[in-house]
Amino acid sequence: MIKNIVVIGAGTMGNGIAHTFAQSGFQVSLVDVSQEALDKGLKTITTNLDRIIAKGKLTEEEKAKTLGNIKSFTDLKEVAKEADLIVEAATENQDLKLKIFAQMDEFSPEHCILATNTSSISITKIGSATKRPHKVIGMHFMNPVPIMKLVEIIKGYSTSKETFDAVYEMSQILGKVPVEVNDYPGFVANRILMPMINESIETLYNGVAGVEEIDTVMKLGMAHPMGPLQLADFIGLDVCLAILNVMYDGFKNPKYAPNPLLVNMVMAGKLGVKSGEGFYDYSESKKAEKVSNMFTK
């Protein structure tokens, strides 16, 4: 039975995953390399819980219980030995993930399931860094994790049925809708989404229309809740670039090649919401307003 959860990474996805497990009653150990990153992640969780309270969907008592279910650590070895499930939510970098999974495998008990929140990197490749590839699986949550219902459950070549069934059931306990996906670059969500975002950037790059005009066409014409360029800002342009590179390397198909404008914006540090500027300009007040709106819909 899965009881003790370890989440690696206190960034946007990691703190959202920790929040979701803790609110569902699980004991969560949140791990990052610095206490500063952990404190920032816990602050974000607290803020998001307050937004849910303001909407009338959570009580102060439930907030306190949720926060009480989360403990923070800077040493993975210290907490992995008691883990039933470890979810890695580090930066979308293959070498880093392989290194982390080797440590997860070394420090955790044999029964522990090792999951990754990767949005594009091969689960089979990640599993090869361990001695238990049958217990390695993808749990691709959507952002913001506490709000979005979808979880892509990605099976690597060696992922066992027992592991898949346990994670699928766990996702349902979290109130999510799990979808079974096989291990190919980009899986389903990003294999479809990223080419659309890239084509939107291409449309801007070619001068067909402006940022707001492109987003308006997609929102009003295609009933998307958020335009693709705004969504790219929310995801992080560096993350979009990393995913497109993984898909381009995996498929060798030019349709996945990142647009030069995206490459230049990332090199210039214009990463979207996280850096304060991307396709849109985000002051702190506007940034808080946009995130708040996601939690109050």
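Q: How many helices and strands does the secondary structure of the protein chain come to?
A: This is a predicted model, where local features need pLDDT of at least 70, side-chain atom pairs count only at pLDDT 80 or more, and totals for chains, interfaces and linings use all residues. Residues are numbered from 1 along each chain as its sequence is written, and side-chain values use heavy atoms, with hydrogens and water left out. Helices (H or I, at least four residues) and strands (E, at least two) are DSSP runs, numbered from the N terminus. The secondary structure of the protein chain comes to 13 helices and eight strands.

Q: What radius of gyration does the protein chain have?
A: The radius of gyration is taken over C-alpha atoms, and the globule rule is 2.2 Å times the number of residues to the power 0.38. For 297 residues, a compact globule would have a value near 19 Å. The protein chain agrees with this, because its radius of gyration is 19 Å.

Q: Which residue of strand 5 is the bridge partner of I86?
A: Two strands pair if DSSP finds at least two bridges between them. Strand 4 (residues 85–88) pairs with strand 5 in the parallel sense over four bridges. Within strand 5, the bridge partner of I86 is L114.

Q: Are I113, A115, L114 and T116 of strand 5 buried or exposed?
A: Buried means under 20% relative accessible area, exposed over 50%, and partly exposed in between (1.4 Å probe, protein chains only). Strand 5 (residues 113–116) has I113 and A115 on one side and L114 and T116 on the other. Both faces are covered, and these four residues are all buried.
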